[in-house]
Amino acid sequence: MSEHELRVSKIRDGTVIDHVEGGQALNVLAILGIDGSEGFGVSVGMNVPSDRLGRKDIVKVEERELSQSEVDVLSLIAPEATINIVRDFEVVEKNRVTRPDSVTGVLSCPNRNCITNADEPVDTRFDVVADGVRCDYCSTILRADIADHIDV
């Protein structure tokens, strides 16, 4: 296969999530709630060569465009990602993800004593900080293991 050959075919309509850190594609699918049962065509390229990242993952989801809340959560595990919206085989919109100031209801706090882990009707809320996310209730900081705490 030459360097310029496509490994995965183009999609007619949907979303391409490019420049995902190598090894994170399955976490991207988990964030999106995609397990194959919903009928979307999904293509995943893992650990493909990238000039920018060295190695990257690519996720293509047919017939689906992402919500802003999904993009916000993706930005936590894939801060270099690019979201491409494809219609009739053409990229009509291309955006780099930006990290939000906070996320609510999408991560679980690892602190067992946090009020969000009690039987209280409280949604988790994390402030996005330079090196990860910080629980708004107990101040526990999540860094490298954010994907392990996604609760969507």
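## Basis of the model

The structure is a predicted model, in which local features need pLDDT of at least 70 and side-chain atom pairs count only at pLDDT 80 or more, while totals for chains, interfaces and linings use all residues. Residues are numbered from 1 along each chain as its sequence is written, and side-chain values use heavy atoms, with hydrogens and water left out.

## Overall fold

The protein chain holds two helices and nine strands, where helices (H or I, at least four residues) and strands (E, at least two) are DSSP runs numbered from the N terminus. Read from the N terminus, the order of these elements is β-α-β-β-α-β-β-β-β-β-β. Along the principal axes, the C-alpha atoms of the protein chain fill a box of roughly 55 × 30 × 25 Å.

## Two domains and their interface

An automatic or database domain assignment, from which the bounds come, divides the protein chain into domain 1 (12-94) and domain 2 (100-147). Their centres, taken over C-alpha atoms, are separated by 24 Å. Seven residues of domain 1 are in contact with eight residues of domain 2, contact meaning heavy atoms within 4.5 Å.

The area buried between domain 1 and domain 2 (accessible area, 1.4 Å probe, that two parts lose on being put together, summed over both) is about 530 Å², and carbon and sulfur atoms give 85% of this area. On the side of domain 1, D72, V73 and L76 supply 72% of the area buried against domain 2, more than any other three residues. Helix α2 (residues 68-77) contributes five residues, the largest share of the side of domain 1 that touches domain 2. Between domain 1 and domain 2 the count of salt bridges is zero, a salt bridge being a side-chain nitrogen of Lys or Arg within 4 Å of a carboxyl oxygen of Asp or Glu.

## Annotated region and binding site

UniProt, in an unreviewed entry, lists residues 103-145 as "domain: Aspartate carbamoyltransferase regulatory subunit C-terminal"; such annotations may be inferred rather than shown by experiment. This span is 0% helix and 30% strand, and the end C-alpha atoms of residues 103-145 lie 16 Å apart.

Under "binding site", the unreviewed UniProt entry lists C109, C114, C135 and C138. These residues span 30 residues in sequence, yet no two of their C-alpha atoms are more than 8.8 Å apart, so they gather at one spot. Among them, C109 is placed in the loop between β6 (102-104) and β7 (125-129).

## Salt bridges

By the rule given above, the count comes to eight salt bridges. In one of them, the side chains of K56 and D18 meet at 2.9 Å, N to O. This pair links distant parts of the chain, with K56 in strand β3 (residues 54-62) and D18 in strand β1 (residues 14-21), 38 residues apart.
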